[in-house]
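Q: Hi! Could you walk me through this protein?
A: Happy to, let's take a look together.
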Amino acid sequence: MDLATRFNVKKEDFPVYKLFLQDKKEPIAYTGNVKDSAAIKRFVMKNTDLWLGMPGCLEDYDVLVKKFARASSEERQAILAEAEEIKNKYRNDVQKSYATIYVKTMKKIMEKDDFLASEMKRVEKLKDGKVSDKKKEQLSDRLNILNSFHVKFQDEL
């Protein structure tokens, strides 16, 4: 009750998520869907340096995505080359396929500025269509990877 009073949280508001960071006096309030664990993970990753591995995402590549979002055109070429090289370290076919998605997405972003938004819409539409459960899972993983880009690019705006 002391915490609820201190942070102005009423019983009717429950559940309430607040992210407390060491360098900040006030917590950051989560305002998204409280039942969407993926959205909560994205919220935490966006506001911290934590990596909470969404299905389909690879930590090595999410680190590169952050650098890629901040980079100039010339720097992006070097990051893309690094991404291509990292792909060779994966022995697992599934992880290699995820790595390929990261690399292709980087290439497409370099070609078309609006690629990310249009690709997210396209994949969401496919996922909502009549596809097998396995394909839905693959599309969800792809969306998670695209969201990694989306979150990092939003941070840079």
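Q: Where do we start, and how many residues does helix H6 have?
A: This is a predicted model, and in it H6 runs over residues 115-128, which makes 14 residues. From the first C-alpha to the last, H6 reaches 20 Å, close to the 20 Å expected at 1.5 Å a residue.
Q: Nice. Which residues of H6 are buried?
A: Phe115, Leu116, Glu119, Met120 and Val123 are buried. They cover an arc of only 120° around the axis, so they sit on the same side of H6.
Q: Hmm, why would residues three or four places apart point the same way?
A: An α-helix has 3.6 residues a turn, so residues at that spacing point the same way.
Q: And what is on the other side of H6?
A: Lys121, Lys125 and Asp128 are there, and they are exposed.
Q: Okay, new topic: how many helices and strands does the chain have?
A: There are seven helices and two strands. Along the sequence, the order is α-β-β-α-α-α-α-α-α.
Q: What domain does UniProt list?
A: An unreviewed UniProt entry places "Endoplasmic reticulum resident protein 29 C-terminal" at residues 56-149. Over residues 56-149 the model is 82% helix and 0% strand, with the end C-alpha atoms 13 Å apart.
Q: Last one: what about the whole chain, how much counts as buried?
A: Of its 157 residues, 34% count as buried. The chain exposes about 10,800 Å², and carbon and sulfur atoms supply 50% of that area. Its C-alpha atoms fill a box of roughly 50 × 40 × 30 Å along the principal axes.

Note on methods: Residues numbered from 1 in each chain as written. Predicted model: local features only at pLDDT ≥ 70, side-chain atom pairs only at ≥ 80, totals over all residues. Heavy atoms only, no water. UniProt positions renumbered as here; feature names shortened; annotations may be inferred. Helix = DSSP H or I, 4+ residues; strand = E, 2+ residues; numbered from the N terminus. Expected span 1.5 Å × (residues − 1). Buried < 20%, exposed > 50% of the residue type's maximum accessible area, 1.4 Å probe, protein only. Arc of directions from axis to C-beta. Areas by Shrake-Rupley, 256 points an atom, 1.4 Å probe, with all protein chains shown as cover.
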